[in-house]
Amino acid sequence: MALGRRMEGKWDDAPQSLLDNIREFEITLVSIRDFMITATQTKWINRFMAKTSIQSAVLEYDQQLRDAAMSFQVSSLIEIHYAMRGVNSKTLPRITEREIVTSPMESLEELSSSLSGSTLDCSLSSFEHLKRSGDSFESSVSSFSIIDVDQDGLDESQPPEVLQFTEEEEFLANIDGEMDEFGFRRYHQSDVLIRKANRKAVGWFSGTSEAQASSQKMTIKRYDGQKDLAMKQWVRDIKTLRQLHHENLPQILGYSDGKTSTPFILLASVQCRDLASAMQCLTTRGLADCTGLMLKTYRDIASATVHAQQQLSLSDSEAQDFIEHATYSIDNDNNVIVGLPPPREGWVTARSYGLEESLAERALQYLKELMSKEEASLHAGSSKTSASLNKYKQLQGLLHSLLPRRQEGPALSSELEDLLDDADEDNPLTLRALRALSIQQSRHDQTWHSRAPVGTLATGDYGYIPGGSTDFTDFVRLGNFLEGVDGHGIEVVGETYGTMLVRSGGSHGLPQRQPASPFLIPGGLECWPVALPPRGNATLFVHHETKLSSVNDAWRLLIAHGASLVSTHGVKPQDLILVTRSLRIDDHQIEDWHPPSPLSMLGQGRPPVPGFGPLAVGVPSFPQRGGFGGVTAFPQQGFGAQVPALPSMVYLITSSQPDFTAYITDDHMGRPRPRPTSSTSWCFSCRSGHPVGYVDYIQLDAEDVES
């Protein structure tokens, strides 16, 4: 452009030699322009894939431009010297073979490096020659001038355009060479031989196949489907797996070079199947083996999750998302392999439970599914149970006592880890060892809950239910541990508490639920104050509970005496039951039968009369004069305005004795009211429903008494 401006108005009378030099220089400029136009019309993805070749071409064109400029300047100088031959021949220096000549281009570069902010403009006769004489150099520079660049045409207010690329485009653009920066190889499609598909794989591993690459057996995962989504998932999995190095996570060995129609990644060879199908073995294995399998499953999931949390810098909430949305498979060595969860961009999850509970819930999910299927197979309403269901209940309770709890960290205890690692064919894992460890850590607090007849069972009773039933109506009592010497170390705790539902008179809405607490009065009786609204009613649920202070100690006691009780009474170990808690619930309904007051009956259903009180009947409400301090002596609501009635206090008297009959009175010390007479003003009633009984119990398994 600068050359074109210099030649404006000079093309017609310019020397032919100058025009020839300009046309030769123009050929290089045109070739550069054509190359840049072709590059700009190419898609960005293709330019990124040809990044190396484009850079080489730009460097080559830069060198061609320098050579063309050098040739133009030298040719011009030759023509100038030839045209000026004989002129000032005495004053111009003659170049000999011992002299070194530098071109005007090199002189300009040296000068411009020391002059910032200006542009060096040199005439055609400007050149620097160094005359060598002996070991010294004499430098002389012919004329040059410095001019300022015109900045009017530059708009500095607009920043240069910044091109935005997607994550996938940037990833493909950086693919250069056979190995990436993490040491993983990039494979061409022809380098991989795909073999049979893994039809048993599910979740993240679905669609994987066996493959062979670099004379090595691998697993290939291909990303089919919509191209944009497949490419995005492919890039995400590569970036994630390159940071994960754990035996319970997929191990990436390489990936496609970005030139294949279907992207893929290569993984360490593994044969995966669904973890849920592998858990079907719980139906046939013993309780100790099932416990060991579930604990190892939890350990694998927890170890993989903790590693992913550390490597990917996940918070606890993000790690919980990872657990809940990942897929789980098992390999031929019974190791759990955790597949990557699908991306969930823009999601924020809040939970009221911790990471340990999420891990335990994930590991126990398969057990809960088996329990649901077993319960569904039984007849609805039947009290019969199955051996499998009993085993699942025992397994669930034992796992809850062994797995970490909130704020304890996701790792298993070191004692439990040692117990699992030491187990082998010669030294199998036993139920007694697992229970002993849980009891030693004071964590074995699992109980079961059931309905029971009122007054037939007491805390500390042990016995069995014949026929494999769960109906405590048929419970056969064999004794009570609290009556023997061995049970004297266990403390029994009694507690009485209640809940009250109160409804106002004439109200048809939901009753108000209130906690209720009694106070003791002489005779071992319990007095419950009840604030009853006018013409209202209240239902009081009284809970009488006795329980062993430590369920963990109850398990210790039952396991210690289980073998002797089985041999003494001739019962099966899995039928032996110990009651740890008994509960009786009585409900008492109290009502107020007082008739409504006459004032409250006046004006019911009538709209208020203007100038009269809201309940006035033909009586005007005269205005009240201001009282002392300007305050009215009476409220301006007219004659007949109601003041809210206060609730009536009634006292319910109960006892923990099963044969006691509850009653109500107006005396807080529990003194009964005299026999009603025709003139009495006592208009309250109380009726009691049928009591309901419940028990909590623990039960042995057959493996608890095995030698």
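Predicted model: local features only at pLDDT ≥ 70, side-chain atom pairs only at ≥ 80, totals over all residues.
Numbering runs from 1 along each chain as its sequence is written, and side-chain values use heavy atoms, without hydrogens or water.

Back to the strands. E8 (residues 208–213) and E9 (residues 216–222) pair in the antiparallel sense over 6 bridges. Strands pair here if DSSP finds at least two bridges between them, and the elements are DSSP runs numbered from the N terminus, helices being H or I with at least four residues and strands E with at least two.

Both belong to an open sheet of 6 strands, in the order E6-E10-E11-E9-E8-E7, with mixed pairing. At the edges sit E6 (185–187) and E7 (192–197), each pairing on one side only.

Now the helices. The axes of H13 (residues 414–422) and H14 (residues 431–440) come within 11 Å and cross at roughly 170 degrees. Axes are lines fitted to C-alpha atoms over the stretch in contact, with angles from 0 to 180 degrees between N-to-C directions. So H13 is roughly antiparallel to H14, a label for angles over 145 degrees. Glu415, Leu416 and Leu419 in H13 meet Ala433, Leu434 and Leu437 in H14, contact meaning heavy atoms within 4.5 Å.

Last, cysteines: there are 0 disulfides, meaning cysteine sulfur pairs within 2.5 Å.

Technical notes
Parallel < 35°, antiparallel > 145°, perpendicular 65-115°, else oblique.
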